[in-house]
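Me: Hi! I have a protein structure open and I'd like to talk through it with someone. Can you help me look around?

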Amino acid sequence: MSHKVSDFLTALQEKTKRTLATSVDDQMIFIQIGSATCENAAGSMDVLEEFQKHIASSGRNDIAIRTTGCTGRCSKEPIVSIMVPGEATVKYELVNKDLVHNIFTSHIQNNVPLPDHALDNSLDEEAIKNKLVETDEVSKNFAELYGDVPFFKLQKRIAMRNSGIINPESLEEYVRAGGFKALATCLSKEEPNWIIEELLKAKLRGRGGAGFPTGKKWQMAAAQPEKTRYIICNGDEGDPGAFMDRGMLESDPFNIVEGMIISAYAIGAQKGFYYIRAEYPLAIKRIQNALDICRANGLLGENIMDSGWSFDLEIRLGAGAFVCGEETALIRSIEGKRGQPKLRPPYPAVKGLWGKPTIINNVETFANITAIINFGGDWFAGVGTETTGGTKVFALAGKVKHTGLVEVPLGTPIKKVVFDIGGGVLGDRKLKAVQTGGPAGGFIPSSQTDMEIDFDPLAKAGSIMGSGGMIVLSDEDCMVDLAKFYLSFTADESCGKCTPCREGTIRMLEILNKITEGKGEMSDIDNLERLARLCQQASLCALGRAAPNPVLSSIKHFIIEYSEHINHKKCRAKKCSALITFEVNKQKCIGCMVCSRHCPADCISGARKEVQVIDQTRCVKCGQCFDVCRFDAVDKN
């Protein structure tokens, strides 16, 4: 490490120690509260205010509140951690204003924890006995704090190692956690190509969906004769049910900034852009705060860390168009043009933003860079599979007991994520399938969920990794209806530039509507497959080529449900309203007439205390009668 850069890092670390020493005391009690969007939506700010009131009324000055980002245990938020000197940290779940009083009076004032409210029963003897002990330095701090929580025991934190640990708005806490050590190491290397070599060793593949080797992409850009180069962080994240990028931008913004600066140094870029959708106001606020703080401390802008090298970053907001997640459409959007994809080659690494070599990676890819530099490419490659190094962050959602952000080593079986981490299917229903990759992903049937998570196995199964959505589906879900749902999204979001995507998705959607309305024919399945293959082969961009995945994978694995919809006019999951019949059960109906009073079509007749009758010719299948009946006297067939 060069003397100037080394001296700069040492001075920054000393400044951090002094700042933290004056703001905290080893003998203080800390109340740690999450402050990401999911925590705030669950009421964490109300909880914080209630704790502030209790501290003020107690008159004590040895209690402080600190905020952190999202741990990923989203379905149990707000989560509050109580840190008493000399005692193990206790985490509480689903904290509200009433519970604040009990925590404060019992735990904080009298040192008596409340085991009944501990996060995932983490105060049980078994949980404490089997606490995760992480020897790996990169995720050691996270394991020390959350290793007794079952949800986290099978996870491996690399990209999200600081989430739920540090204050996302504090440079001091980030530096104390090892922040900017990786950047200092890189700036001290006379040959930036060393960085690219480490990425190639790490087998890091882009986490945005395509899985292209990151090192090869950077190598391509660095080799271009054009000296003006750009870096772009894709934080658009348009998939329904996906919130990985948002979580990392909100919870560990300095890590993403440092990763982008390192990437710029590696390829010789002078300017970089964050492309974040405008629907993420807190992520935008925290990234902007991180950029401002970094500039003020010599970590961004002119002469970074006294190295003589300059680079700067700015934020550009996306308007929410799904197609702008595709890199060439995103580039056009930054340039002020309509977000539409372009033919490739040339690829952005050769000719991208304003015609210059441009590297685009998503948030999670940049989140891994500092760990690779600090701990080595060989270490990172050892975590994943033979072809792909590291971990993958998933937004686990749908019919699963424990929803939230999950980070697991690549190669982990899907079933392990759903059952061992997610707790299994909601209501102990039967697992039907797992959908990965967002609207352009496919359905993995329950019989194949022992499949290892990696780019290639998912692609062979008719799905994609995507940015990391993982939706759990139960036997209550209709696969034909779900294929229609995802296809309606991609049809709405199609930019319309190419005919196969613009027209093909609409025609497929029309056929699916026909099937779910009970008007389908078996020949419609052949037409669906032909249209889907055409869309895959002829669409301009990757989004258009992946749009048919839900249709093709549902036909491949659940053809019997299509047959039932077409031949028997039945939906086994009772989701397709046109194929549902509501009938009054004569043995259960007491003639209360609640159903008839709520019927919008006025198609239920019968006198009080007599069995009601539904006129099937007038029934609009709204389900109001089924919902309001208190005696389960309306059957849904």
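Predicted model: local features only at pLDDT ≥ 70, side-chain atom pairs only at ≥ 80, totals over all residues.

Me: How accessible is Lys 569?
Reply: Lys 569 has 35% relative accessibility, so it counts as partly exposed.

Me: What about Asp 428, what is its phi?
Reply: Asp 428 has a positive phi of about 55°, although it is not a glycine. You'll find Asp 428 in the loop between α18 and β11.

Me: Is Asp 428 buried or exposed?
Reply: Exposed, because Asp 428 has 62% relative accessibility and the exposed class begins over 50%.

Me: New topic: how many salt bridges does the structure hold?
Reply: There are 37 salt bridges in the structure. One of them joins the side chains of Asp 475 and Arg 429, at 3.0 Å from N to O. That pair links distant parts of the chain, 46 residues apart. Asp 475 is in the loop between β13 (469-474) and α20 (479-493), while Arg 429 is in the loop between α18 (414-421) and β11 (431-436).

Me: How accessible are those two?
Reply: Asp 475 is partly exposed, with a relative accessible area of 29%. Arg 429 counts as partly exposed too, at 38% relative accessibility.

Me: Which residue forms a salt bridge with Glu 326?
Reply: That's Arg 344, and the closest N and O atoms of the pair are 4.0 Å apart.

Me: Is Glu 326 buried or exposed?
Reply: Buried: its relative accessible area is 6%. Arg 344 is partly exposed, at 29%.

Me: What kind of peptide bond runs from Arg 344 to Pro 345?
Reply: A cis one, with omega near 0°. Most peptide bonds are trans. The bond from Glu 77 to Pro 78 is cis as well, with omega near 0°. Pro 78 is in the loop between β2 (63-68) and β3 (80-83).

Me: Back to salt bridges. What joins Arg 507 and Glu 503?
Reply: Their side chains meet in a salt bridge of 3.0 Å, N to O. Arg 507 and Glu 503 are four residues apart in helix α21 (residues 499-516), so about one helical turn separates them. Arg 507 is partly exposed, with a relative accessible area of 31%, and Glu 503 is partly exposed with 31%.

Me: Which residues gather in a patch of positive charge on the surface?
Reply: Arg 597, Arg 608, Lys 609 and Arg 630 do. Of these, Lys 609 is found in the loop between β15 (604-605) and β16 (613-614). Lys 609 counts as exposed, at 74% relative accessibility.

Me: Last one: where is Gln 155?
Reply: Gln 155 is in the loop between α7 (150-153) and α8 (171-176). Although Gln 155 is in a loop, it counts as buried, at 7% relative accessibility. Its side chain is joined to that of Arg 157 by a polar contact of 3.3 Å.

Key:
Residues numbered from 1 in each chain as written. Heavy atoms only, no water. Patch = residues over 30% accessible without salt bridge, like charges linked within 9 Å, V, L, I, M, F, W, Y side chains within 5 Å. Areas by Shrake-Rupley, 256 points an atom, 1.4 Å probe, with all protein chains shown as cover. Lys, Arg positive; Asp, Glu negative; His and termini not counted. Charge placed at Lys NZ, Arg CZ, Asp CG, Glu CD. Helix = DSSP H or I, 4+ residues; strand = E, 2+ residues; numbered from the N terminus. Buried < 20%, exposed > 50% of the residue type's maximum accessible area, 1.4 Å probe, protein only. Polar contact = N/O pair within 3.5 Å; in protein donor to acceptor, adjacent residues only side chain to side chain.
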